[in-house]
Amino acid sequence: MYQLIELYKRWRGYEPICTQQLPGAGSNRVYYRLTDADGLSVVGCIGTSRDENHAFVYLAQHFTKCQLPVPKVLAVSDDELRYLQTDLGSVSLFDAIRAGREAGGCYTQEEQELLKRTIRQLPNIQFRGARDLDFSNCYPQSEFDVEGVFFDLNYFKYCFLKATELDFHELKLEADFRLLAKDLTAEQSDSFLYRDFQARNVMLSHGYTPCFIDFQGGRRGPFYYDLASFLWQASAKYSDRLRCELLDDYYEAAQQLVEMPKREHFDRRLSLFVLFRTLQVLGAYGFRGYFEQKKHFIDSIPPAIQNLRELLATVHSEGQESFDRRYPYLYGVLRRLTELPRFRHNDVVPQGSADGCKTTDVNPGQSHLKDGPASFSKYDAQGPLVVKVFSFSYRKGIPEDESGNGGGYVFDCRSTHNPGRYEPYKQLTGLDEPVIRFLEDNGEILTFLDSVYRLADAHVSRYIQRGFTSLMFCFGCTGGQHRSVYSAQHLGEHIHQKFGIEVHICHREQGIVQVLKNV
């Protein structure tokens with residue numbers, strides 16, 4: 001925070017008189033509103049990824065040159081981890097249409113006009129914004145490709161589908177995934193794919209002008225993806241009539257900029273991306289909801305399942321080859337998914353709903369009596385859990401698991417900056433303050449561990465629930481002295497502090513063993 005204030009001083013010449021942290025979203029980026037004595041405010045961002053920040057800054061500067069409605073970047077720190085941008089206010093499109101959303105999709109004329117004004121702006125950032133854009137600056141990849149499609153499909157499979165314990169043949173599902181990925185990437189596109197185009201990422205400057213934010217994940221790709229993201233957002237509950245009107249508005253606005261495909265082809269391709277986006281969203285909801293236990297995402301699962309249910313019913317009735325005939329196994333799995341008792345039990349129609357969209361008051365992350373037992377292992381209910389965390393050198397091999405359970409997780413720390421390259425740190429370890437300061441100031445190890453913590457928390461929590469007795473985490477680096485030692489020590493202390501269970505920390509190459517007892 002101090003460095004953000006210093007950046008403001010460097011840009012403005014004096015400190016702000018008021019600093020207010022803004023509500024967080026789904027990322028690790030932290031935003032502040034900085035206000036001066038005249039009441040003029042800017043927004044400051046502190047990010048954990050230089051590459052992600054660089055992508056935002058480059059795209060924002062490019063879009064500003066194109067005179068597109070995005071925040072203007074005012075100042076950037078030398079390490080690109082902090083920047084200042086113009087303040088677009090506090091009202092998002094998501095906030096402005098809240099009443100219609102909570103009324104089950106009964107949007108007023110004013111709310112519908114805001115939606116139409118927004119959708120008409122989308123082609124500008126997709127097509128005008130793509131002109132002369134250097135996509136190599138995009139993060140984490142420059143183009144929508146087969147690899148990216150597979151990442152999202154596996155996100156759905158591992159973070160959502162497997163969590164439901166629905167039985168499926170993984171190789172047959174993988175075959176349909178490969179065909180779907182091929183179809184999604186079959187047409188080359190030079191447009192800018194926003195990637196996260198949703199009502200939360202549209203700010204209404206002066207109450208009515210749509211301005212776009214959080215486009216740092218964008219890349220070269222098909223424009224259909226953004227339409228699917230926006231118009232099939234699970235919680236929005238847009239009626240078929242309104243959705244068709246918004247599609248017409250988009251198509252007409254896009255035709256003013258580029259030659260659009262014929263409407264029949266456009267609609268057919270769009271339906272494919274609606275399916276893909278729905279699966280990607282369910283993967284995100286599964287991870288954020290089931291594993292991170294964030295209520296907003298758990299609450300979003302029933303309407304997303306309802307979206308999928310309606311999509312499958314529409315495709316089946318129209319007899320389109322693209323789903324039930326072209327991907328028969330995937331189609332069957334998704335049909336069974338929408339029929340699971342946990343997604344159908346105790347369905348209710350929200351008060352004031354005009355379109356009959358159903359939600360459920362059951363947490364789909366919890367098992368239901370009709371689903372049978374949640375686990376079938378002979379190791380269940382043996383507890384208490386003891387976690388072992390090792391640091392090691394890859395030169396000497398991965399530590400052996402003495403519990404007989406198979407070894408658990410092994411994390412490779414060698415992608416992060418190595419203090420061992422520098423003379424002052426060669427005789428020190430990841431337990432020594434100078435090394436700790438070096439690693440944390442660089443920041444790469446913190447980003448790395450943030451992902452590890454989320455995975456470990458979900459796994460430890462589940463093992464405690466099931467009464468498993470042993471779980472092992474190992475961190476390796478070149479010498480087993482700096483990065484792996486730091487990581488193992490911090491994960492061990494994190495697990496002990498959060499769960500109060502017994503944790504054994506072993507820095508193998510340093511000959512150090514520490515036992516953190518049950519709290």
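**Helix packing and burial**

Tutor: In this predicted model, the axes of helix 16 (residues 444–466) and helix 17 (residues 483–499) come within 10 Å and cross at roughly 40 degrees.

Student: Why is helix 16 called oblique to helix 17?

Tutor: The crossing angle is roughly 40 degrees, and angles under 35 degrees would count as roughly parallel while 65 to 115 would count as roughly perpendicular, so helix 16 is oblique to helix 17.

Student: Which residues make the contact?

Tutor: Helix 16 contributes Ile-445, Leu-446, Phe-448, Leu-449, Val-452, Tyr-453, Ala-456, Asp-457, Val-460, Ser-461 and Ile-464. From helix 17 come Arg-483, Tyr-486, Ser-487, His-490, Leu-491, His-494, Ile-495, Lys-498 and Phe-499.

Student: How many of them are nonpolar, polar or charged?

Tutor: The contact of helix 16 with helix 17 has 13 nonpolar residues, together with four polar and three charged ones.

Student: And is the crossing left-handed or right-handed?

Tutor: The crossing of helix 16 and helix 17 is right-handed.

Student: Is helix 17 enclosed or open?

Tutor: Helix 17 is largely enclosed by the rest of the structure, because 12 of its 17 residues are buried. Among them are Arg-483, Tyr-486, Gly-492 and His-496.

Student: What covers those buried residues of helix 17?

Tutor: The cover includes helix 15 (433–442) and helix 16, as well as strand 12 (386–393), strand 14 (470–477), strand 15 (502–507) and strand 16 (512–516).

Student: What follows helix 17?

Tutor: Gly-500 follows helix 17, and its phi is positive, near 70 degrees.

Student: Back to helix 16, then. Is Ala-458 buried or exposed?

Tutor: Ala-458, which is found in helix 16, has 13% relative accessibility and therefore counts as buried, the cut-off being under 20%. The C-alpha atoms of Ala-458 and Gln-293 are separated by 8.8 Å, although the two residues are 165 residues apart along the chain.

Student: A change of topic: where is Ser-205?

Tutor: Ser-205 lies in strand 7 (residues 202–205). At 12% relative accessibility, Ser-205 counts as buried.

Student: What is Ser-205 in contact with, leaving aside neighbours within four places in sequence?

Tutor: With those neighbours left aside, Ser-205 is in contact with Leu-88 and Cys-211.

How values were computed:
Residues are numbered from 1 along each chain as its sequence is written. This is a predicted model: local features need pLDDT of at least 70, side-chain atom pairs count only at pLDDT 80 or more; totals for chains, interfaces and linings use all residues. Side-chain values use heavy atoms; hydrogens and water are left out. Axes are lines fitted to C-alpha atoms, for helices over the stretch in contact, and angles run from 0 to 180 degrees between N-to-C directions. Helices (H or I, at least four residues) and strands (E, at least two) are DSSP runs, numbered from the N terminus. Angles under 35 degrees count as roughly parallel, over 145 as roughly antiparallel, 65 to 115 as roughly perpendicular and the rest as oblique. A crossing is left-handed if the near helix is turned anticlockwise from the far one by less than a right angle, and right-handed if clockwise. Contact means heavy atoms within 4.5 Å. Ala, Val, Leu, Ile, Met, Phe, Trp, Tyr, Cys and Pro count as nonpolar, Asp, Glu, Lys and Arg as charged, and the others, Gly among them, as polar. Buried means under 20% relative accessible area, exposed over 50%, partly exposed in between (1.4 Å probe, protein chains only).
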